[in-house]
Amino acid sequence: MPREKGRKVVASNKKARHDYAILDTYEAGMSLTGTEVKSLRAGRASLVDAFAQERDGEIFLYGMHIPEYTMGTWTNHEPRRTRKLLLKRLEISRLIGKLRESGLTLVPLSVYFADGWAKVEIGVAKGKKTYDKRQDLAKRDADREIQRVAGRRGKGMYE
């Protein structure tokens, strides 16, 4: 069977970009069992309440929900188990250095298959305050209004 090509997104964490300012992103592999991979290939996963943390010099992903594989047997996996992220040593030391700064955390942004391998995109994030969120929404609305008016002018319609 030929190897898969491209990127197939399984789950994304839309709320993370709303609640956090993403400073930097990393792509990491995940240490998974067979039934977890089959469940992911079926497109079933949730990143709600998931986060990553350093433990014993390694990065682990907590709270990610991969439901049990429906065709699995007694060898099925625990849905919310802790999963080890596979990163290069240099990336891990960089991440640990950034996490030592105050107010920074690791947030999973999306889970996908890249060329057949399960990957997770994690972001070094700083929590937004409520007024920051409001400013972002106001800016997005203003940009949308500008695009709408510019589109009408391009079509010859004037307001």
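Trainee: Which residues lie nearest the centre of the largest pocket?
Mentor: Asn-13, Lys-15, Asp-19, Tyr-20 and Asp-49 lie nearest its centre. The lining has 13 residues in total. Keep in mind that this is a predicted model.

Trainee: Which elements give two or more residues to that lining?
Mentor: Helix α1 and strand β6 do. The volume of the largest pocket is about 210 Å³.

Trainee: Take Asn-13. Why is Asn-13 called buried?
Mentor: Buried means under 20% relative accessible area. Asn-13 has 12%, so Asn-13 counts as buried. Its place is the loop between β1 and α1.

Trainee: What does Asn-13 touch?
Mentor: Leaving aside residues up to four places away in sequence, Asn-13 touches Leu-47, Val-107, Pro-108 and Leu-109.

Trainee: What makes Ala-16 a buried residue?
Mentor: The cut-off is under 20%. Ala-16 has a relative accessible area of 2%, so Ala-16 is buried. Ala-16 sits in helix α1. With residues up to four places away left out, Ala-16 touches Ile-22, Val-107, Pro-108 and Leu-109.

Trainee: Now helix α2. Which of its residues are buried?
Mentor: Thr-35, Glu-36, Ser-39 and Leu-40 are.

Trainee: How do you know that the buried residues of α2 line one face?
Mentor: Look down the axis of α2. The buried residues fall within an arc of 140°, so they line one face of the helix.

Trainee: What do they pack against?
Mentor: Five strands: β1, β2, β5, β6 and β7. Just after α2, Gly-43 has a positive phi of about 85°.

Trainee: Which residues of α3 are buried?
Mentor: Ile-92, Leu-95 and Ile-96 are the buried residues of α3, which spans residues 89–99. Seen down the axis of α3, they fall within an arc of 100°, so they too line one face of their helix. Their cover includes β2, β3, β4, β6 and β7.

Trainee: On to the strands. What makes β4 largely enclosed?
Mentor: Count its buried residues. Four of the five residues of β4 are buried, so the rest of the structure largely encloses this strand.

Trainee: How do you know that β3 and β4 pair?
Mentor: Pairing needs at least two bridges. Five bridges join β3 to β4, and the two strands run antiparallel. Gln-53 stands opposite Phe-60 in β4.

Trainee: What lies between β3 and β4?
Mentor: Two residues, and the two strands form a hairpin. In the turn, Asp-56 has a positive phi of about 55°.

Trainee: How many bridges join β4 to β5?
Mentor: Two, and these strands run antiparallel. At least two are needed for strands to pair, so β4 and β5 qualify. Phe-60 stands opposite Lys-84 in β5.

Trainee: Why is the contact between Lys-84 and Glu-58 called a salt bridge?
Mentor: The rule asks for a side-chain nitrogen of Lys or Arg within 4 Å of a carboxyl oxygen of Asp or Glu. Lys-84 and Glu-58 meet at 3.2 Å, N to O. So the pair passes. Lys-84 belongs to β5 and Glu-58 to β4, so the bridge ties together parts that are 26 residues apart in sequence.

Trainee: Are these two residues buried, exposed or in between, and what are the values?
Mentor: In between. Lys-84 has 31% and is partly exposed. Glu-58 has 23% and is also partly exposed.

Trainee: Where do Arg-144 and Asp-141 lie?
Mentor: Both are in helix α4, three residues apart, about one turn of the helix.

Trainee: Why is Arg-144 called exposed?
Mentor: Exposed means over 50%. Arg-144 has 52%, so Arg-144 is exposed. Asp-141 has 45% and is therefore partly exposed.

Trainee: What joins Glu-36, Arg-81 and Arg-83 into one network?
Mentor: Salt bridges that share partners.

Definitions and conventions
Residues numbered from 1 in each chain as written. Predicted model: local features only at pLDDT ≥ 70, side-chain atom pairs only at ≥ 80, totals over all residues. Heavy atoms only, no water. Buried < 20%, exposed > 50% of the residue type's maximum accessible area, 1.4 Å probe, protein only. Arc of directions from axis to C-beta. Contact = heavy atoms within 4.5 Å. 1 Å grid on protein atoms, 1.4 Å probe; cavity = no way out; pocket = protein on both sides within 12 Å on 5 of 7 lines; lining within 4 Å. Points joined across faces, edges and corners; volume = space filled by probe spheres on them.
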